[in-house]
Amino acid sequence: MENIYFHADDYGRSELITENILRCLTQGNLNSVSVMVNHIDEKYHFKLKKLNHVNIRLHLNLTEISTKTLNKYPFLKELSFIKLLFLNKEKKKIIYEEIENQIITFKKIYNPKKFKIDGHEHVHMIPWIFRFLQKIKDKYNIQEIRNSNESLILNEIFDIFDLRFLRNLIACLVVKFLYYMNGSPKISDHKFIGIIYSGIQSEDTIIKSYNSQKKNNEKKIEILIHPGFTNINEKNFFKKKYYDFYSSKNRKKEYDLCFSKKIKENLAI
């Protein structure tokens, strides 16, 4: 099971999102998760810590930072992947501080034997953020960083007519470009799958993508899905675009994939 990460991001973003992901970990196919800190009651982190079979990473979150930090630095409320690319020197110092605070908080809660990290919306691939993670790698014993450089896969020819697929393809190409800007580093043993079909995953897309990598003799694979969803009761916890994202029907569909017998059999989870 260590060779296949069937992985969910966003654990810890809200109580409902967390409860849904936790159910996928305890009753479904999920065996790997990335955790946001500073958003929910610590009892949910303690529940996760009890699951011995789960691969756990810090989900570095710089676009939906918790309110206690936002109150200190209001400009953080408007951050996005694009805005992070072009921050000035003084604001970068504040982000460096936030990155270290999240790392320290995560390590205090989970005390991981092997500390691993990735980024919400793949912000860890932004060159100046990636360089900083490399700089503090030894200080915090960072042993694995998600390599979001995904191979370009087209499972069905008709996918090119899906606007969501085309949007994902552009995002994938941007991340791929940043990976090469960062010097094509060896940062993870696992081949990543998850951007191109983000939000439109199905049994077929997952199994076909997985089989494609197996044909390339990849033995360690990470497949990212987003099964954590929320509802109207938590609407006030999010900006509109993020609420729409977390409450979408596609999230519920990806939640259901965590209980798919077909996926469990094909991925040998």
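1. What volume does the largest pocket have? In this predicted model, the largest pocket has a volume of about 1000 Å³. Its lining is made up of 32 residues. Among these, Glu-121, Arg-167, Ala-171, Ser-198 and Phe-245 lie nearest the centre of the pocket.

2. Which element gives the most to the lining of the largest pocket? That element is helix 7, with seven residues. At least two residues of this lining are supplied by each of strand 1 (4-11), helix 4 (81-85), helix 7 (163-181), helix 9 (240-246) and helix 10 (249-257).

3. For the largest pocket, the lining residues divide into 11 nonpolar, 12 polar and nine charged.

4. The second largest pocket holds about 700 Å³ of space. It is lined by 24 residues, and those nearest its centre are Asn-52, Val-54, Asn-55, Ile-56 and Lys-116. Helix 2 (43-49), strand 3 (55-60) and helix 5 (89-110) are the elements that give two or more residues to the lining of this pocket. By class, the lining of the second largest pocket has nine nonpolar, seven polar and eight charged residues.

5. Helix 5, named above for the second largest pocket, also makes a contact with helix 6. The axes of helix 5 and helix 6 (residues 127-135) come within 11 Å and cross at roughly 50°. An angle between 35 and 65 degrees counts as oblique, and the two helices are therefore oblique to each other. The crossing of helix 5 past helix 6 is right-handed.

6. Which residues make the contact between helix 5 and helix 6? From helix 5 come Lys-92, Ile-95, Tyr-96, Ile-99 and Glu-100, while helix 6 contributes Trp-128, Ile-129, Phe-132 and Leu-133. Sorted by class, this contact has seven nonpolar residues, two charged residues and no polar ones.

Conventions: Residues are numbered from 1 along each chain as its sequence is written. This is a predicted model: local features need pLDDT of at least 70, side-chain atom pairs count only at pLDDT 80 or more; totals for chains, interfaces and linings use all residues. Side-chain values use heavy atoms; hydrogens and water are left out. On a 1 Å grid over the protein atoms alone, a cavity is a set of points where a 1.4 Å probe fits but cannot get out, and a pocket is an open set with protein on both sides within 12 Å along at least five of seven lines; lining residues have an atom within 4 Å of a point. Grid points are joined across faces, edges and corners, and a volume is the space filled by probe spheres set on the points. Helices (H or I, at least four residues) and strands (E, at least two) are DSSP runs, numbered from the N terminus. Ala, Val, Leu, Ile, Met, Phe, Trp, Tyr, Cys and Pro count as nonpolar, Asp, Glu, Lys and Arg as charged, and the others, Gly among them, as polar. Axes are lines fitted to C-alpha atoms, for helices over the stretch in contact, and angles run from 0 to 180 degrees between N-to-C directions. Angles under 35 degrees count as roughly parallel, over 145 as roughly antiparallel, 65 to 115 as roughly perpendicular and the rest as oblique. A crossing is left-handed if the near helix is turned anticlockwise from the far one by less than a right angle, and right-handed if clockwise. Contact means heavy atoms within 4.5 Å.
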